[in-house]
Amino acid sequence: MTSAAEARFRVQAPNSLPRTIKVIALDAAAEEVVKTLATGGWRHATFFTASSDDALHDLAGATRSLRGEVETADLVVLVAGAGGHAYAASTVGQACSDRRVTTTALLVGGASATARDVSKTLAQLRPWSLMVVIAENDDYIGDMMTALRA
């Protein structure tokens with residue numbers, strides 16, 4: 001920009017707003033990762049575990065409405081461990097699909113798991129996620145959350 005007249009056409013807001021992110025552990029392996037991640041002091045992210053009764057539990061153990069949490073989310077991050085125990089992926093994924101909330105799935109522990117276990121979990125996650133990542137280490141999730149301005 002070379003003049004004050006041109007300056008008035010500059011966008012005066014940041015190019016990205018922080019997203020409201022819900023991070024949901026789908027199994028026991030993911031729960032440990034999510035609990036550790038939650039200690040990071042995130043301002044725009046809340047952390048849950050999924051249960052088989054179509055409910056979420058916050059990390060203090062209180063039951064939360066899946067649909068209510070999805071309605072207030074811009075992004076839902078599903079976290080699952082290798083082994084095919086991500087049974088709640090379809091329930092959470094359907095709630096996100098119904099409300100047009102973007103989903104991302106992260107598979108943790110994939111580096112040390114068998115190809116069969118990874119494949120079983122991916123089959124549960126893929127239908128419900130726009131992006132699926134096999135995280136080489138748990139630091140990837142924190143780095144992704146930082147990039148999303150959580």
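Which residues does S129 touch, not counting residues up to four places away in sequence? They are L78, T103, T104 and A105. Contact here means heavy atoms within 4.5 Å.

Some ground rules. This is a predicted model, where local features need pLDDT of at least 70, side-chain atom pairs count only at pLDDT 80 or more, and totals for chains, interfaces and linings use all residues. Residues are numbered from 1 along each chain as its sequence is written, and side-chain values use heavy atoms, with hydrogens and water left out.

Back to S129. It sits in the loop between α5 (115–125) and β7 (131–134). Helices (H or I, at least four residues) and strands (E, at least two) are DSSP runs, numbered from the N terminus. S129 counts as buried because its relative accessibility is 12%. Buried means under 20% relative accessible area, exposed over 50%, partly exposed in between, with a 1.4 Å probe and protein chains only.

L78 takes us to the strands. L78 in β5 is the bridge partner of I24. Five bridges join β1 to β5 (residues 75–81), and the two run parallel. Strands pair if DSSP finds at least two bridges between them.

Now the other neighbour of β1. Strand β2 (residues 45–50) also runs parallel to β1, again with five bridges. There, K22 has T46 as its bridge partner.

Last, β1 itself, residues 21–25. Five of its five residues are buried. I21, V23 and A25 point one way, while K22 and I24 point the other way.
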